[in-house]
Amino acid sequence: MHMAGVFFIKPRLERMISLKDPALLKKTVQYFRDRYRIPGISLCLTDSSGEDYIMAAGVRNLLQDTLLDPYDHQRVGSLSNIVTSVVILKLQEEGMLSLEQTVESILPGILKEGSRISVRQLLQHRSGLKDYLWMDVAGTKCIQHAVSSPLDFFSSRSLVRLIANHDLEFEPGTAFKYSNTNGILLGLIVEECSGKKFEDAVYQWITQPLQLERTYFPCSNDLRLPFATGHSKATPDLTDLSDDITPITDLNVSIMGTSGALVSNPVEIQTFMKDLFGGSLLSQKSMKQMLVFSETDDPERFYGLGLYKYTFENGMTAYGHHSGIHGYESVTLYYPDDEIFTTVIVNQMPVGAVSLAHQLLKRNLVSR
């Protein structure tokens, strides 16, 4: 287990990392858009001085020619993990729960093995729970219903029931395996402990104080205007690639729920990340807990409480999360050694957003 330093008290930097040239960044974004043949890329990059560079290249929809705007609503999927983690840690600060509590103690009877799994293990994706998205519903994988059954409603408890009586894949706490079931259970725990709807808790502790007007967990399947249409080269179960690019405008968000239905844009995600690591959202004690990282199934990635720690080939490390959801890929990264932030959203999947974002950054920043 690796204990990370706490960086929300801003260190004195020995060097400043700044943008070489905004025009070059714009050209690089356009180059990657052309190279990967994707509809659009939007990003927000913040250098060591705190200067923001916000831009987009490409279009909202391949069937139209309306230019993509970096403030457009887009789906950011698993970036939900960071938001959920902050809300859970706020509840702990308020004395409404403890990370050491078991699922059974908060949601009695919801899981066969609920007395063996703690809130902390849900946040760490070390619960051993199967992922409901890959379970069968009426003979079809649950995840496929996201695009094939937009009018059906799947409650969070019904999603949990898909795996509730299955054996655990490993002893809780002994291994890492990303499971969307963890995010669904954490949403139910937030509601049970706070007495609020999950989206209202997010509004109280994150989106309202930070004035994030385009960041929300949607109640309906469509995106608010203005939005970037998603595009997918993946099959409906996201397990293989097809030769066709499919526009995705309607997605059954009840299947994603609190594990991945979040809508936002690069600017507002970056605002959230800067406030998180700037110390205005959580106490120092909570941040220390968030930044305790354990090994994952990838030697270059570690996982804390709703956050990855990425290790790149040049020795740089970053905290953040990546996501792939029907039609979109996104990543948000904070490089603590240099006080750099970057958030990239692509309205097509798959593209490899983590690598793309890091390459964009490497090509355009210079040490002063």
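Visitor: On what basis are residues numbered and values given?
Guide: Residues are numbered from 1 along each chain as its sequence is written. Because the model is predicted, local features need pLDDT of at least 70 and side-chain atom pairs count only at pLDDT 80 or more, while totals for chains, interfaces and linings use all residues; side-chain values use heavy atoms, with hydrogens and water left out.

Visitor: How many helices and strands does the protein chain have?
Guide: Helices are DSSP runs of H or I with at least four residues, and strands are runs of E with at least two, both numbered from the N terminus. Counted in this way, the protein chain has twelve helices and 17 strands.

Visitor: What radius of gyration does the protein chain have?
Guide: The radius of gyration is taken over C-alpha atoms, and the globule rule is 2.2 Å times the number of residues to the power 0.38. The C-alpha atoms fill a box of roughly 60 × 50 × 35 Å along the principal axes. For 368 residues, a compact globule would have a radius near 21 Å, and the chain agrees with this, having 20 Å.

Visitor: What share of the residues of the protein chain count as buried?
Guide: Buried means under 20% relative accessible area, exposed means over 50%, and partly exposed lies in between (1.4 Å probe, protein chains only). Of the 368 residues, the share that counts as buried is 58%.

Visitor: Which residues of the largest nonpolar core touch the most other members?
Guide: A nonpolar core is a set of buried Ala, Val, Leu, Ile, Met, Phe, Trp, Tyr and Cys residues joined through side-chain atoms within 4.5 Å. In soluble globular proteins, nonpolar side chains tend to be buried together. The largest core here has 78 residues, and those touching the most other members are Leu-111, Ile-206, Phe-272, Phe-277 and Met-290.

Visitor: Which residues is Met-290 in contact with, leaving aside its neighbours within four places in sequence?
Guide: Contact means heavy atoms within 4.5 Å. By this criterion, the partners of Met-290 beyond four places in sequence are Ile-82, Ser-85, Val-86, Leu-89, Leu-276, Leu-282, Gly-304, Leu-305 and Leu-307.

Visitor: How many residues does the other core have?
Guide: This other core lies apart from the largest one, and among its members are Leu-19, Phe-32, Phe-312 and Val-351. Its number of residues is 32.

Visitor: Is Trp-205 buried or exposed?
Guide: Trp-205 is placed in helix α8, which covers residues 198-207. Not counting residues up to four places away in sequence, Trp-205 touches Val-87, Lys-90, Leu-91, Glu-94 and Leu-281. Its relative accessible area is 11%, so Trp-205 is buried.

Visitor: Which residues of α9 are buried?
Guide: Helix α9 spans residues 253-260 and is mostly covered, with eight of its eight residues buried. They are Val-253, Ser-254, Ile-255, Met-256, Gly-257, Thr-258, Ser-259 and Gly-260.

Visitor: What is omega for the cis peptide bond from Met-349 to Pro-350?
Guide: Most residues other than glycine have a negative phi, and most peptide bonds are trans. A cis bond runs from Leu-225 to Pro-226, with omega near -10°, and Pro-226 is found in the loop between α8 and β8 (230-234). Pro-350 lies in the loop between β16 (340-346) and α12 (353-364). For the cis bond from Met-349 to Pro-350, omega is near 0°.

Visitor: What is phi of Ala-138?
Guide: Ala-138 sits in the loop between β6 (136-137) and β7 (140-141). With 79% relative accessibility, Ala-138 counts as exposed. Its phi is positive although the residue is not glycine, with a value near 55°.

Visitor: What is the relative accessible area of Gln-211?
Guide: Gln-211 is found in the loop between α8 and β8, and its phi is positive, near 55°. Gln-211 is exposed because its relative accessible area is 64%.

Visitor: Which residues does Phe-227 touch, not counting residues up to four places away in sequence?
Guide: Phe-227 lies in the loop between α8 and β8. At 24% relative accessibility, Phe-227 counts as partly exposed. Beyond four places in sequence, Phe-227 touches Arg-60, Asp-72 and His-73.
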